[in-house]
Each structure stands twice: as C-alpha cells, then as structure tokens.
Amino acid sequence: MKIEEIRIEDLDPGKFIEQKVQEISSVVGSGLAINALSGGVDSSTVTMLGYRALGERLKTYFIENGLMRHDEPQKIVSLFEGLGVPVEIVDVQKQFFDALKGLRDPEEKREAITQAFYRDVFGQLVRESGAKYLLQGTNYTDVEETVAGIKRQHNILEQLGIDTEKRYGYVVIEPAIQLRKPAIREVAKALGLPEGIYHRPPFPGPALAARIIGEVIPERVEIVRRATKIVEEELCDTGAFQYLAILHDDRVTGVRKGKRDYGFQIEVRCWESKDAIMGSPTRLPYDVLDRLAERITTEVPGVVSVTYNITHKPPSTIEAI
Ligand code: XMP
C-alpha cells in the first residue's frame, strides 16, 4: 500500500490528533494494545496518541535491552508517569546480547535486533497481556530509506511484505507513518509533551548498537554510552539536528604516562539536517572539539583517539551501521 506523506505545511496538529485517536479507538475496539516507549519523539508521540485513545487498555513498556543511553529507562519512565501514563520497564538485556553475539555485519546486527524486538520480546508481551495490537512510531523517512534499500530501519515490517499477524501474532498500528520528524515534533508539542521531548534529537531504534562498529557486547556498549553522555553534554546547545559518538572496531597505538597504550577510537559526528535525508557536518568551533577530545580520552577508560567526521550525507549516513 502506497503511503501518502502529510507535509508539514499541510498539517493541522489538532485535527491530526483527533483523527488518529479516533482511528486507534476504532481499530482496537474493546481490545488491548501494547507499545514500546524509547523516549524519542516518535514513540513518545505515539504513546500519547495511544493513551488518549485507549487509556488503561494500552500497556506501555520501556524495553531495557542494554543498548540505551545512560540512566534513560528511569528518566523516561518518571517523565511519563508525571504525565499520567504508566510505563513498565522490561529487562531483556540478556536476550539482546545473546542475539547479537558474534555478529559484525551491520545488516545482520539490524536483523538480529528486529527479531529480538518483534518476534521475541513483543511476541511474548502480547501473549502474556492478551493484546492483539502493537502501536509504534514508524515515520515517513524510515519507510523511504528502507524501501530504497539504504538501511533496513529496525521498525519496517509491512512495507517489506512481512505479515506481522501471521508471523508474530499481532497487528501493527503506525499512526505517525505519514509524517516526517519536523511534523511529528509539531504533533508532540500539541499533545502537551515537554520541550525536552519534542525538541529531542533523533535516536535510532537499534540504539547504541547503531554506533558500534564490529561486535556488540556489554563492555563495548559501555564505552560508547560514556562517550555519548559527554558528546550530548557538550553539544546540546549547538542547535544541531543530531550528535553522536561511534566506537570503532580497530584499535590504535596511543601513549599514556610514557607507556604504549593500544586503545579504542571514538568518532564524533554532529549533523545539520532537516529530516535526516541529507546532512552536513556542523562547523563546530575548535575549542569545542578540543574539549570533546580532552573529556573523552580522560573520562572514558581505554580511549586514546577521538576524531570528528567531516563527511556529508550522502555518501555518509547519519549513524555508523
Ligand atoms: P541514517 O543512519 O540512515 O539515519 O542516515 C537516518 C535517521 O534515522 C535514524 N535511524 C533509525 N531510526 N530505526 C529508527 O527508528 C532505525 O533502525 C534507525 N536507523 C537510523 C538515525 O538516527 C537518523 O536520525
């Protein structure tokens, strides 16, 4: 089925919300639905739409897969509880790390994450809760990039011919699929979400795994998690579209306290972009770059090299895998 984009200039957020709330109610009827909230603008928006439509008949979960940012589960759960939306944390770290073990190829890692989410975790949650529906925050750009074969976005199923009802036992509802990120931000604002959410830079579904070149194991996630925290602290006032830290697979020779230190390499990216289709590197002041290098090499154990990516998208993509 062809999806028609709703352009931001044609969007009336109030009407859109009313229409989507009605659609969700009529599809789910008197049944139950589940959804996974990551704290990004897309899943936050869909959580609010779903909660308005279904109230307590929507069960919202935060999937703690071991790949999320520092303190993220607790932060997001308490923020939504403050908005009156109950969220349950599901600890599935072992399932995700088992699924990722030994994998190095980017698309194989993405496929493993998709299966861990949709077959294993959501499959089990719908069986346990009796829900027949999964609400999720797929956006127009996700569909476009996957269908174009650029990157398999973790949440694209139906558009790749996957019948989720047959394969996983639930129907997927995607209320934001006609919108790109800037339009979703407008809807998020109209839904009363705080600015910290509706202005939040995008974060990929495969989470920090999208920023690890090579094998994804807990120790390597921890390195990129610590570097991410520093990058976010230092670059949050730049107004950039997105900023991130990537852990490279190969190590390089460094020197510390007069001794050889064969250590890790972190690459920093900071993007100017409208909707993630094209991007250019932010012209960060040199003293900002200097501080990033200083902090990452002193605060993240084992890192001896920090680089800044100066490539445009295309040919780069925003994330590393
Ligand atoms: P790329 O790396 O393809 O990223 O240039 C484009 C935008 O999409 C985000 N991204 C994802 N979002 N599932 C998502 O929901 C994914 O699998 C995924 N991969 C990338 C990325 O952060 C950027 O904003």
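**Figure 1. Residue classes around the ligand.** Ala, Val, Leu, Ile, Met, Phe, Trp, Tyr, Cys and Pro count as nonpolar, Asp, Glu, Lys and Arg as charged, and the others, Gly among them, as polar. On that basis, the shell around the ligand holds 5 nonpolar, 6 polar and 5 charged residues. The model is predicted: local features need pLDDT of at least 70, side-chain atom pairs count only at pLDDT 80 or more, and totals for chains, interfaces and linings use all residues. Residues are numbered from 1 along each chain as its sequence is written, and side-chain values use heavy atoms, with hydrogens and water left out.

**Figure 2. Contacts to the ligand.** The ligand is surrounded by 16 residues, each with a heavy atom within 4 Å of it. Lys 151, His 154, Lys 313, Ile 318 and Glu 319 are the closest. Polar contacts are pairs of N or O atoms within 3.5 Å. A polar side-chain atom of Lys 151 sits 2.5 Å from a ligand oxygen. For Gln 242, a polar side-chain atom lies 2.8 Å from a ligand oxygen. Ile 318 uses a backbone N or O atom, 2.8 Å from an oxygen of the ligand.

**Figure 3. Two cysteines, Cys 236 and Cys 270.** The structure holds 0 disulfides (a disulfide is a pair of cysteine sulfur atoms within 2.5 Å). Cys 236 is partly exposed at 42% relative accessibility, whereas Cys 270 is buried at 2%. Buried means under 20% relative accessible area, exposed over 50%, and partly exposed in between (1.4 Å probe, protein chains only).

How values were computed. Polar contact = N/O pair within 3.5 Å; in protein donor to acceptor, adjacent residues only side chain to side chain.
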